[in-house]
Amino acid sequence: MPLRLRGKKKGKSKETCKLVESEEAAAARGGGDAAAAPPAPAQPGARLLFHTQLAHGSPTGRVGGFTSVRELYEQIGRAFRIPAAEIIFCTLNTHKIDMDNLLGGQIGLEDFIFAHIKGPKKEVDVLKSEDSLGLTITDNGTGYAFIKRIKEDSLVDQIKMICVGDHIESINGKNLVGCRHYEVANLLKGLEKGQTFKLTLIEPMKAFEMIEPRLKSGTLSEAKISKGRETLRLRSKGPAIVEEVPSEIEEKAIKKVDDLLETYMGIRDLELAATMVEAGRDKNNPDEFAVALDEALGDFAFPDEFVFDVWGAIGDAKQGRL
């Protein structure tokens with residue numbers, strides 16, 4: 001539906017994320033030692049290979065040729081002989097539960113993938129004494145929503161059993177496997193204030209030497225969207241493609257849109273933010289932008305105010321006002 005906006009609003013602000021594939025194709029391209037010379041630019045159809053490990057410790061495996069997050073998880077599962085459904089999320093270039101390096105929609109061609117798999121299950125009773133819980137939710141693209149951020153001094157921050165990286169398996173017994181992050185966030189928002197609810201959480205497995213203080217919110221503004229001049233772009237719809245790293249202007253716009261997603265919806269999703277920025281790239285006004293979002297992301301049913309603020313953020317980035 002086109003926007004029916006009369007007054008001009010000021011755009012607000014927010015961020016971006018990433019994902020991986022990396023090596024082989026040297027033999028397929030023909031040529032000498034891959035380590036001796038920089039790799040030639042990868043083409044969308046090339047079978048890229050990437051190194052991977054289980055985050056709590058494992059030998060190094062290799063995966064490649066995947067075109068979606070689901071296919072990537074299946075390949076990691078085969079590499080380590082575990083069900084793909086055991087994987088909660090992946091990080092890039094660190095075994096830590098570091099949400100600044102979460103695998104999302106873009107992967108540098110030299111990134112190393114660490115898979116965080118299911119660990120202990122826990123149940124927590126939470127009294128919703130405030131309207132806001134202080135949680136930011138994201139998901140792994142294969143049906144698992146998990147906690148990406150805990151706001152300092154919030155209600156949830158006082159409950160030490162709840163940690164960044166925990167998969168939200170159910171709320172009051174309602175199974176949430178297969179739900180998107182925005183569905184889980186809306187369910188949490190809709191819980192009645194003053195009532196107690198039960199969270200069933202699954203924390204990522206950790207090696208003994210990796211156990212460390214609970215992580216709170218990371219500042220994604222300090223995160224790098226990707227490494228190198230090209231990245232593998234994994235899309236929710238359609239095949240993965242190799243493309244240039246987003247420009248500095250696009251990076252700023254993506255970060256602002258990601259912040260807006262958290263403000264309006266309680267979620268962070270750099271792939272979603274990047275898709276929204278891409279949709280507004282050649283649009284001339286907010287009505288055209290709203291129609292493009294409906295066509296690409298109609299399931300989200302974004303409110304007009306949010307769409308207008310996103311359009312403002314994209315415009316601010318284009319005009320160098322960020």
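Guide: Gladly; a few labels and their reasons follow, and please keep in mind that this is a predicted model.

Visitor: Why are H4 and H7 called roughly antiparallel to each other?

Guide: The axes of helix H4 (residues 248-265) and helix H7 (residues 304-318) cross at roughly 160 degrees and come within 8 Å. Angles over 145 degrees count as roughly antiparallel, and therefore H4 and H7 get that label. Their crossing is right-handed.

Visitor: Which residues make the contact between H4 and H7?

Guide: On the H4 side they include Ile249, Val257 and Leu260, and on the H7 side Phe306, Val310 and Ala313 are among them. The residues of this contact divide into 10 nonpolar, no polar and four charged.

Visitor: What makes cysteine 179 count as buried?

Guide: Buried means under 20% relative accessible area, and cysteine 179 has 18%, so the label applies. Cysteine 90 is buried too, because its value is 0%. A search of the whole structure finds zero disulfides.

Visitor: Where do asparagine 93 and alanine 301 lie?

Guide: Asparagine 93 is in the loop between strand S4 (87-92) and strand S5 (106-108), while alanine 301 is in the loop between helix H6 (286-297) and H7.

Visitor: What is phi in asparagine 93 and in alanine 301?

Guide: Phi is near 65 degrees in asparagine 93 and near 50 degrees in alanine 301. Most residues other than glycine have a negative phi.

Key
Residues numbered from 1 in each chain as written. Predicted model: local features only at pLDDT ≥ 70, side-chain atom pairs only at ≥ 80, totals over all residues. Heavy atoms only, no water. Disulfide = S-S within 2.5 Å. Buried < 20%, exposed > 50% of the residue type's maximum accessible area, 1.4 Å probe, protein only. Axes fitted to C-alpha atoms, helices over the stretch in contact; angles between N-to-C directions. Helix = DSSP H or I, 4+ residues; strand = E, 2+ residues; numbered from the N terminus. Parallel < 35°, antiparallel > 145°, perpendicular 65-115°, else oblique. Left-handed = near helix turned anticlockwise from the far one by under 90°. Contact = heavy atoms within 4.5 Å. Nonpolar A, V, L, I, M, F, W, Y, C, P; charged D, E, K, R; others polar.
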